[in-house]
Amino acid sequence: MATWMSDEGLGARESISEAHLLVTELYNPANQRDPARINEIQTRLQQLQKTENAWAIADSLLQSEHSAHHRFMGALTFTVKINVSWNEINQNSAAEVMQHLINRFVALVTNGEQAMVVRKLASSLVAIFKHPTTPWKQAIWQLAASLVHGGYVSEEQAQAVDFQERILPALSKSGSGALLFFSISLAEEALRLDSEPLDGAGDTSAIQRAIHNIKDGLLLVQFVLEEIKQHTKAAGDDAVDVALAAEAMNSWKTWLGVHGNRQRSSAEDVNTLAVRCGQTVIETLRVPSLSESAAAILTQAFESRRWAFDNNSLWLISEILADSIVTVHIAAVRSGEAGAESMSFVDLLIAYVSHLHLDVFSDPMTPQNSAIITLVHGIFKTPGYASIDDLGTPRVLEFWNDIAESLPDQLEEGSPRYELVKSHLAEVVLGLSNKLLYPKSEDLEDWGEEERSEFGAFRHEACDYLLSAYPVLGVDLVTVFQRSATSHLEARDWRNFETAMFCIAQLSEAVDENGHADQCLDAIFGSDAFARLCAGGDTGIPLKARQTLVDSFGKYESYFERHSSLLPGVLNILFESLNFELCAQAASRSILTLSKSCARVLTSDLPAFLDQLDQFRSKPTATVSTMPKVLEGIATIIQSLPSDQEKVQTLERILSFFVQEANTAREEVTGPAHESGRLRGHLVLSCIASIGKGLRSESEVIDVELSKEGNPYPPSFWNSGPGAEAQRLIMEAMRLLIVGFPVDSSIIEAACDILKAGYTERAGLFVFPPSMTVDFIKSFPLGISGTDVIMATASSFLASHARHAMNIRSEAEALIDHVAQLFSSMLQNPDVYDPETANAGIDFLARLLPKYYPILFTPIKSTLSAESSPLAVLLHFTLHALTRPEPLPLRSASAFWVALIDLRGSSTEEMNILESVHQEFIPRLCYTIIQQIAGRCARSDLVSLTDVLRRTIFKKMALARPALKAALDSLNAQVTDANGQQVPLLSAQDKSRFLDSLAIARGGHKPSLDLVRSFWLKCRGMNFDYAQ
C-alpha cells in the first residue's frame, strides 16, 4: 500500500474506525428523525474527509462489505480529499492515486456494484483529471482498456489497441454503463471549465485535455446505442436497457456542448461523428421504451446545438414525426388520451418545425412536412383549456407567432410560398377561436390564482399572435371576429361573443387610428342587436362578456370619435356597467378615454352625464379606483364648454356634493365609523384632484410668465368673479379633510394633487392663493408619513413661480422658515430625527437654490430663537446629514452642497452674499467631509461625498486647500506598531500627499474617487478613535 494510503498508526486506524461507525449511524433509520444528530454526523465526516488520514479512510470505506452506503461515502471522501489536497502531492504520487482509483473502479464494476457508487467514483476520477498535475489525456480510452483488461492499463498501452474496433466490442454491459458514467461526468466538468482560455496552459489545461476525449465519448455513445438497437431487433422492446440508453443519449448531448463550444470549426471528423450519433438517437424514437427519452434529448439539442442535424438527420426526423409511434403519441395528446409525459413528443414536433422555420413551407411541401404541419394545427384541437389542461397549444402558438413576424421580411408578398404560409396563418386564427373561450363559471370555481393567471397570459399571447398576423392577413382578420361577434350577439351566445370582442379589442392597436376596420366595427356597433344592448334593461349579458365589451370601447377611441352618433348608446352601457364590481374598473377607464377623445362632441350630453353621476356616486362600486376616472372624464367635457360662465353651474353642482361628503367624513371619523370616514375623505379629495386634472387642457399652452411687478394671484373669473363660489367649495372641502382630520399618506397625496392642478396655470378654478399652499404645508407635524410628497409639492409650487420669484417672497420665506424649524427640532432633539423629513427637506432646499437663493441668503422673518437664523440652521443641518448613516439624506445633502458651490450671483450684491456664505461654511464642509472619508462613513457613501469634495476643490481651491489641510491635521488616529508603541495612522507626509493628489486631480471624477477610496481603506483598516 502506498504511503499516502497507509492505515498504519494508531491515529489512522482510529479515524477509519470512527468513519465506519459514523456512516453506519448516518444511515440508521432511527437517526433519520433526529436532524440535529444527522447534522452532527455530517459535520464530523466532513472534518475527517479533510484530514491527513482521509486517503486511508476513503480506501477503507470503498472496500467495505458492510453496505453500498459505506462504499459511496468512500468514493465521496476520495473526491473531497482530491479537491482539498491535490496541490500538495507531486506528479508521481498523482499517478499513483490515479492508478489506484482505476483499479478500485474496475473492481467495483466487475463485482456488480450499485450505480450510485460507480457514478460517485467516476466523479472522483474526473476530479483527478481536472488537476493540471495529472498527466492524463485520453482518459475514456484508457479507462475502457482497463475495464476490458480487468485492471489498470497505462495510457500508452491502451492506445496500442484500437478503441473503436477492439476495446469497445470487448466491454461488458456493466463496463459500458460505468464508462458512460465517467464519460458524462467528464463532459459536464469540461462544460463547467469552459470559461478557461484556450491559450496559456496549452495541452496541460483540463479543458484542452477534455477536448481530446470528445471523439472517444461520441464513439462510446454510438457503440452503446447501436448495440441496444441490434439487441432490440433480436429480442424485442422488453429486452431494452432503458437506463443504459438514456445515459448514452445524455452523453451525446453533453459532448455536443463541449465540442460545439470549443472546436467545431476545426474538427470535421468529430463533426461528422456527432451528426451520425444524432441520427442513431433519432432512430431510437422508433423504439417504444426509448422514444420519450430520445424526444426530450433531441428537443434540447435542437434548441442549443442545431449544427448537430444535417439534411439527412432532418429527413429522418420528418419521416418519424409523420408516420411512426411518435405520430401516435402526438395524436394521443391531441385527443386528450395522453398524459403530461407525452408532451415531450409535442416539444420535439415544435423544435423540428422551429428549426426549419419558413423552410418547412417548401414549394412544393414534402409529404412528410405537410403531414407534420397538419399535426401542428391539430394541437389546437386538444380538449381542455390552454395552459391548464392543454399544454401543447401555447407552445404551438409560439411557433406560429414567430412565423407571422418573419413572413413579411423574408418572403415576397404574393409569391406562392407567401400565399401558402398566409393560408396557414389564417387556419391558426380559426384554430385559436375555441381555445380563447373564457372558462365557464363552474370550471373557474376549481381554479386558483395561478391557473387564472396562466390562462390570462395565454389569451394575451394569442393576441400578440393576432397583431403579428395582421400585417399579413389584413382586415380579413378583423372580419373573422366581426362575423363571429355579430352572429353570436344576435344569438345571445355570450361566451363566443366575449371571445370575438376580446380579439377585436386587442386588434385596436392595428386598426383604430387608421380606420381600416371601420366597416367591420360598423357591422357590430350599428347592428340592431347592439342597439338593444345600448337600450339597457335586463339584457342577460354575463359580467365577463360585459367587462370585455366595455373594455373594447376604450380601445377604439378614434373610431368613436369618427362615429360620434354611437356615443350615447355606448356611454349608456358604460354607466350601467359601473354598477357591477367586475366591470366597474374597465367601464370607468373607458368613460375617461372616450370623454377625452370626444369631449367637444359630448358637451351636449353633459346633463345626462351628471344624472348618471348622481346615480353612480351612491353605489358600492364608486370607489377611489373608479369614481375619480369618471370625474376626470366629466371635467374634460366641462373644459370643452365654450365659456367659463357655462362651466360654473355644473362644477358647483358637483363640488357641493363633495363638500357634503367631506362633512359626512368629518362626522364619521369622530365616531365608531372612523375607517369609513377616512376612506370617504380620501375618495372626496381624489375626486376633486381628478376634476382638476380633467380641467387642464392638454392642447392649450399656458402662459405662466408674469412681469416682475405682477400679482401672483391676480383677480380672475374664478377667484373674484362668478366662479369664486366653486373655488371656495374646493377650499372648504380641503379644510374639512385636512385641519383636525386624521390624515394619512394617501389623503396627503390627494390633497397635494389638488394644489398642483393649478400650478401650470395663471388663472383657473384650481389656481389658489399662494398662501394656501404655504398654510397647507406648514400644517403637518414633523415625521408624518407623506413628508416627501408634501415637500415635493412645495418644490412644485416654487417652480411654478420661479420666473417671478420675488413676487412670492413672503411665501418662499415662510416655507424656508418652516423647513428650518423642522431641522432645528431634529438638531436639538436627536431622538426625533426622521430620515424621510430630512431627505425631503434637503431636497427642497436643493431645488429652490437656483431661483430663490437671494431670499434664502438674506435675513427673513422667523419664529426661531433670536440667536438662530434660518440660514444657519439649514446649513448646519445639511452638514449634519453628511455625518448620518442614512444614505438618502446624505445624498441629498451632497447634492445641495454641490448646487451651492456651483451658484453664481447675477449682481455684485448677490455675489458678495454668496462669497460670505462660502467663506463661513466651506471650512466646516471640508472638516465634515474629511472626518467622514477618514473611515467613518459607509463605503457606499464615498461617491456622494467625493462629488462635494472634488467640486469644492475645483471651484473654491483658495478656500478649500487651507480648510482641508486643517481638517487633515485634526485627524489623530493611533495604531500600535511592531514594537508595541502607539504611532499615528496617518503621517504628515501621508496627509500632505493626499491633499496634493486631490489638487492635481482638479475635480476629475475617477481620479478623485480612487484617491478617496484608498484613503478611506487605509483609515478603515484599523480600529481607532479620533482624538478631538
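**A loop residue and the spaces of the fold**

A: Arg-492 sits in the loop between helix H24 (475-490) and H25; helices are DSSP runs of H or I with at least four residues, strands are runs of E with at least two, and both are numbered from the N terminus. The model is predicted, with local features requiring pLDDT of at least 70 and side-chain atom pairs pLDDT 80 or more, while totals for chains, interfaces and linings use all residues. Residues are numbered from 1 along each chain as its sequence is written, and side-chain values use heavy atoms, without hydrogens or water.

The backbone of Arg-492 has a phi near 60°, a positive value in a residue that is not glycine. With a relative accessibility of 47%, Arg-492 counts as partly exposed (buried is under 20% relative accessible area, exposed over 50%, partly exposed in between, with a 1.4 Å probe and protein chains only). Another arginine with a positive phi, about 50°, is Arg-1002. Its place is the loop between helix H50 (988-1001) and helix H51 (1005-1020). Arg-1002 counts as exposed because its relative accessibility is 53%. A further backbone feature is the cis peptide bond from Asp-363 to Pro-364, with omega near 0°. Pro-364 belongs to the loop between helix H18 (343-356) and helix H19 (367-378).

Next comes the largest pocket, whose volume is about 440 Å³. Its lining has 18 residues, and those closest to the centre are Tyr-438, Gly-456, Arg-459, Lys-544 and Gln-547. Helix H23 (449-473), helix H25 (494-506) and helix H29 (543-555) are the elements that give two or more residues to this lining. H23 has the largest share, six residues. By class, the lining of the largest pocket holds six nonpolar, five polar and seven charged residues (Ala, Val, Leu, Ile, Met, Phe, Trp, Tyr, Cys and Pro are nonpolar; Asp, Glu, Lys and Arg are charged; the others, Gly among them, are polar). On a 1 Å grid over the protein atoms alone, a pocket is an open set of points with protein on both sides within 12 Å along at least five of seven lines, a cavity is a set where a 1.4 Å probe fits but cannot get out, and lining residues have an atom within 4 Å of a point. Points are joined across faces, edges and corners, and a volume is the space filled by probe spheres set on them.

The largest pocket lies between domain 2 (310-440 + 448-494) and domain 3 (527-640), because both give residues to its lining. The bounds come from an automatic or database domain assignment, which also gives domain 1 (1-90 + 113-120) and domain 4 (643-697 + 714-768). The C-alpha centres of domain 1 and domain 3 are 75 Å apart.

Leu-606 is found in helix H34 (residues 606-616). This leucine is buried, with a relative accessible area of 4%. From Leu-606 to Ile-638 there are 32 residues in sequence and 7.7 Å in space, C-alpha to C-alpha.

Seven residues of the lining of the second largest cavity are nonpolar, four are polar and none is charged.

Arg-847 is in helix H44 (residues 835-856) and counts as exposed, at 56% relative accessibility. Arg-847 and Ala-267 are separated by 580 residues in sequence and by 65 Å in space, C-alpha to C-alpha. Helix H45 (residues 870-881) has 12 residues and should span 16 Å at 1.5 Å a residue, which agrees with the 16 Å between its end C-alpha atoms; the expected span is 1.5 Å times one less than the number of residues. Nine of the 12 residues of H45 are buried, so this helix is largely enclosed by the rest of the structure. The buried ones are Pro-870, Leu-871, Val-873, Leu-874, Leu-875, Phe-877, Thr-878, Leu-879 and Ala-881.
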